[in-house]
Amino acid sequence: MKASIQKFLDSAQTFQCPICGNALHTAGSSLQCPDRHTFDIAAKGNISFLRSQHAHDGLYNQSFFENRSALLSVGLYDHIVREVAHDVSRLPDSHATTLLDVGCGDGTLTKRLQSLITQSSFDSQHQREQAVRELTIFACDISSLAISIASRGSNTIRWFMADLANLPITDSSMDIITDIFSPANYEEFRRVLRPQGSLIKVIPGKHHLMELRQEIAKSHGEQPKGYSNDDVVQGIEQHCTIEHITTASATLQLSKAQWEQFLAMTPLMFHLDKTSIDLDSLRNLTIEAEIVQATMQ
Ligand SMILES: [Zn+2]
């Protein structure tokens, strides 16, 4: 059996049928429930748990994800993923075995997180060996295009397409959920996390994309407005107990080509005319996040 398929067969007990909620078992190179709802494992190494394939790509197309993947591969968010890996490594529970990354998009950050967790972010050789042996990573997104890009190449991450409001994951089976710049569904997080499991949620920091916000305001003849994530933090507090918040901030110089890629992928520009932005006046970009580590209430 190919490793890209075997990794799911090994984890079958972690998945449940998104249609009827029954446990899934292996059936050839598929996962199947007792009611015979069947989910094929693609040879590439992903599974779709969505009932219709193409309805969920919305605003995004192949070039959006290719762009994003190219830009993130140069390490634009590396300081943030490092902080997430650090949070994972210092969780009080050293016996964590499962991690689910929700809204993983093209998977660049999930792969980077896996490599940091398993290779470099641990303090001692002993802990590092334990992490390599034990942490199984699952990653999902609603976009089939994104998961198709994410599952390229060989890696051990279990990639799947699913609706965040109906995760095909059994109750209390995850030790850690990571959510990097992606929407949350706290009821589902509570259900799939085991008691005392950790949510690590990454949200934009106060200075995130400061230079671009200023340029957008200028192009509209307005004063730049400050950005606040207070309402996002309050939203988290309604569902979770926040253990700690870390800020990760870096100001990077982007080439003109990278700026073009960035403008094509940032939600800030989705409803704006890109030609209104003076590309020549853009140089540095601040990428800032707050990494919120929380337990569910
Ligand atoms: Zn079923």
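Predicted model: local features only at pLDDT ≥ 70, side-chain atom pairs only at ≥ 80, totals over all residues.
Local features were considered at pLDDT of at least 70 and side-chain atom pairs only at pLDDT 80 or more, whereas totals for chains, interfaces and linings use all residues. Residues are numbered from 1 along each chain as its sequence is written.

The protein is divided into domain 1 (1-43) and domain 2 (46-209 + 225-250 + 285-296), with bounds from an automatic or database domain assignment. The domain centres, taken over C-alpha atoms, are separated by 23 Å. Contact (C-beta atoms, placed from the backbone, within 7 Å) links 14 residues of domain 1 with 15 residues of domain 2. On the domain 1 side, the largest share, four residues, is supplied by α1; helices (H or I, at least four residues) and strands (E, at least two) are DSSP runs numbered from the N terminus.

The largest nonpolar core has 70 residues. Such a core is a set of buried Ala, Val, Leu, Ile, Met, Phe, Trp, Tyr and Cys residues joined through C-beta atoms within 7 Å, where buried denotes 20 or more other C-beta atoms within 10 Å of the residue's own. Strand β11 (residues 284-296) gives the largest share of this core, six residues. Leaving aside neighbours within four places in sequence, L100 contacts F138, I169, M174, I177 and V192.

The axes of helix α2 (residues 62-73) and helix α10 (residues 256-265), lines fitted to C-alpha atoms over the stretch in contact, come within 9 Å and cross at roughly 130°. Residues F64, N67, R68, A70 and L71 in α2 meet Q258, Q261, F262, A264 and M265 in α10.

Note on methods:
Buried ≥ 20, exposed ≤ 12 C-beta atoms within 10 Å, placed from the backbone. Contact = placed C-beta atoms within 7 Å. Axes fitted to C-alpha atoms, helices over the stretch in contact; angles between N-to-C directions.
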